[in-house]
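The sequence and structure are shown first.

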Amino acid sequence: MTLNLLLRRTHIYLALFLLSWFGMYGISSLPFSHPKWFEPPEGGPRPSVRFDRSYQIEVPQTSDLRETGARILQDNGLQGSFGVYQPNPQRLNVYLFSFWSATEITYFIDQKRLLAEDRPFRWSSFLTGLHARGGFEQESLLNDAWGVLVDLVCLGFLVWIGTGLYMWWQLKPTRFWGGLALGGGFLVFVLFLWRL
Amino acid sequence: MFSKFLRRSHLYLALFLTPWILINALSTLAMNHRQFFAKPGDNPVHFEKESEQTYNGTFPVQATARQMALQLLKGLNLERAFSVQAKPEGERITILRQDPISPRRITFAPKSGMLVVERQVFSTHTFLERMHRRRGYQHHRLLEDAWAVSVDMVIAAMVFWALSGVWMWWELRSTRVWGGACLLLGVGLFGLFLFSI
């Protein structure tokens, strides 16, 4: 197999394998760019309360609250991917999520009270959830595998750029207009970096 | 003719949008590996003081925080997209003035007239993340809108590349079997993730 053929086949097979992610990242960028298009009329349905009960846990004075979040979930029979944040000194929020559902668990530190609310399904949340999912902080193999695939998509972008440039240069009749497009793109981008 | 048009569009659009795709790939890599750049919960954004002065100007009666911010930015010759936060009772106004390379934080205390300008310390990963997140038409500046249009163009291009790529693959008969296998494997894997995590 020649280098030329290898690069062409890599470009196409990698693209076909990652097509679902590629299409997903394209479409799921829309709610970020045009949030108003996805706003439900009159605010949409409200979250439903799953439980609201007395609960007590020590919240440590640390920026890393993941362990505390895991304990809250475990104590209350909940499991899944989650994130933890403290919006103010009197509250701790644990956000439990999958692509299809999300539950916001709020611990009111001063009241020693735990409230869990299920958010209704919304297409904008589904798409932004797909788009923003990544990293390796969740304690599950499949989540890590998703993180690896996100890396693979990024490497795919770099490979497509490299192999694409190579294939373009092989097509002599396209060099002038292609060079103009490439140069124009960089020029516009630098203008944005400078003046934005 | 249609096939040639599709191939050329796929190619020229990709060449023009190369810098956007490059930044998108690098920034996503950086965001996927945040733990390399900062400990969980730590703020990766740091500012250093650029100037401190007493502001002697006056504001219109009942000026909003946004109107005051705009006037301050004009005075500092730092007019660009920004967001503003005002502490209760007008104790302090904090302006976050956007810039791809060096965003600034401007703090103004109306009672003392103290105006402090701080520049965000440059780091590659915060720069990449900033570029990744910059979008939308909310700033009412021509250049901001032009950037938002370019982001929309990338979104449309991604969908177009996917569709035109499948078309071009199907025309290459010798790649149909392995290409089909790659496509099915990818779709299957994506479906598995969709319903399991």
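## Basis of the description

Two strands are taken to pair if DSSP finds at least two bridges between them. The model discussed here is predicted.

## The sheet of chain B

Under that criterion, chain B holds an open sheet of 5 strands in the order 1-5-4-3-2, with antiparallel pairing. Its edges are strand 1 (47-54) and strand 2 (82-86) of chain B, each of which pairs on one side only. From one strand to the next, the twist averages 15°.

Strand 1 of chain B is joined by 7 bridges to strand 5 (residues 114-120) of chain B, and the two run antiparallel. Within this part of the sheet, B:T54 stands opposite B:M114 of strand 5. Helix 3 (residues 65-76) of chain B lies across strand 1, strand 2, strand 3 (93-97), strand 4 (104-109) and strand 5 of chain B. This helix runs at about 125° to strand 2 of chain B.

## The sheet of chain A

Chain A also has an open sheet, with 5 strands in the order 1-5-4-3-2 and antiparallel pairing. Strand 1 (48-54) and strand 2 (81-88) of chain A are the edge strands, each pairing on one side only. The twist in this sheet averages 15° from one strand to the next.

Between strand 1 of chain A and strand 5 (residues 113-119) of chain A there are 6 bridges, in the antiparallel sense. A:R53 stands opposite A:L114 in strand 5 of chain A. Helix 4 (residues 66-75) of chain A packs on the sheet and touches strand 2, strand 3 (91-97), strand 4 (102-108) and strand 5 of chain A. The direction of helix 4 makes about 115° with that of strand 2 of chain A.

## The interface between the chains

Contact between the chains involves 60 residues of chain A and 66 residues of chain B. Together, chain A and chain B bury about 5,600 Å², of which 77% is on carbon and sulfur atoms. A:L16, A:F189 and A:L196 supply 14% of the area that chain A buries against chain B, more than any other three residues.

Across this interface the rule finds 0 salt bridges, while 9 residue pairs are in polar contact. Several helices of chain A each supply at least two residues of the side that touches chain B, among them helix 1 (3-17), helix 6 (141-170) and helix 7 (175-195). The largest share, 14 residues, comes from helix 6 of chain A. By class, the side of chain A that touches chain B has 39 nonpolar, 16 polar and 5 charged residues.

Technical notes
Residues numbered from 1 in each chain as written. Chains lettered and ligands numbered in written order. Predicted model: local features only at pLDDT ≥ 70, side-chain atom pairs only at ≥ 80, totals over all residues. Heavy atoms only, no water. Contact = heavy atoms within 4.5 Å. Buried area = accessible area lost by both parts, 1.4 Å probe. Salt bridge = Lys/Arg side-chain N within 4 Å of Asp/Glu carboxyl O. Polar contact = N/O pair within 3.5 Å; in protein donor to acceptor, adjacent residues only side chain to side chain. Helix = DSSP H or I, 4+ residues; strand = E, 2+ residues; numbered from the N terminus. Nonpolar A, V, L, I, M, F, W, Y, C, P; charged D, E, K, R; others polar. Axes fitted to C-alpha atoms, helices over the stretch in contact; angles between N-to-C directions.
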